[in-house]
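Subject: Structure for your study

Dear colleague,

Please find below the structure that I am handing over to you. I would ask you to keep it open while you read the notes that come after it.

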Amino acid sequence: MSVDQEVIPEREQVESTAPVSTATVVAYAVVGVLLFGWFLFGWLVLQQGFVDSVGEAAGTGFALLLVVAVVGSVRRSRR
């Protein structure tokens with residue numbers, strides 16, 4: 001059994017493995033806690049139902065991921 005590997009030049013490999021800043025990790029953790037809070041608010045306070053609250057929190061999370069992807073691609077294209 002053999003495994004084929006593509007050879008990536010050193011320069012490209014360094015650029016693709018840039019470290020993630022501490023501020024980014026903290027921001028993602030805060031967003032995760034806020035999404036969980038949004039889920040609990042909808043489920044327990046507004047009494048929407050479990051599935052509706054999960055769907056609303058998941059939809060909000062996916063919308064935030066879309067915004068992050070758009071901002072990241074705009075920033076990358078300006079380099």
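The notes below describe the helices, their packing and the loop that joins two of them.

This is a predicted model, in which local features need pLDDT of at least 70 and side-chain atom pairs count only at pLDDT 80 or more, while totals for chains, interfaces and linings use all residues. Residues are numbered from 1 along each chain as its sequence is written, and side-chain values use heavy atoms, with hydrogens and water left out.

Overall content

The protein holds three helices and zero strands. Helices (H or I, at least four residues) and strands (E, at least two) are DSSP runs, numbered from the N terminus. From that terminus on, the order of elements is α-α-α. Of the 79 residues in the protein, 8% are buried. Here buried means under 20% relative accessible area, exposed means over 50%, and partly exposed lies in between (1.4 Å probe, protein chains only).

The expected span of a helix is 1.5 Å times one less than its number of residues. Helix α3 has 28 residues and reaches 41 Å from its first C-alpha to its last, close to the 40 Å expected.

How are two packed helices described? The angle between their axes and the distance between the axes are used. The axes of α2 (residues 22-45) and α3 (residues 50-77) come within 8 Å and cross at roughly 150 degrees. Axes are lines fitted to C-alpha atoms, for helices over the stretch in contact, and angles run from 0 to 180 degrees between N-to-C directions. The two helices are therefore roughly antiparallel, a term for angles over 145 degrees.

The contact between them

Contact means heavy atoms within 4.5 Å. On the α2 side, the residues that meet α3 include L35, W38, F39 and G42; on the α3 side, those that meet α2 include S53, A57, G61 and L64. By class, this contact has eleven nonpolar, four polar and one charged residues. Ala, Val, Leu, Ile, Met, Phe, Trp, Tyr, Cys and Pro count as nonpolar, Asp, Glu, Lys and Arg as charged, and the others, Gly among them, as polar.

Within α2, L35, F39 and G42 are buried, and α3 is part of what covers the buried residues of α2. Within α3, S53, A57 and G61 are buried, and the buried residues of α3 pack against α2.

Two further residues

G32 lies in α2 and, at 36% relative accessibility, counts as partly exposed. The C-alpha atoms of G32 and G61 are separated by 8.4 Å, although these residues are 29 apart along the chain.

Q47 belongs to the loop between α2 and α3. Is Q47 buried or exposed? At 65% relative accessibility, Q47 counts as exposed. Just after α2, Q47 takes a positive phi of about 50 degrees. Most residues other than glycine have a negative phi.

Yours sincerely

Terms used
Angles under 35 degrees count as roughly parallel, over 145 as roughly antiparallel, 65 to 115 as roughly perpendicular and the rest as oblique.
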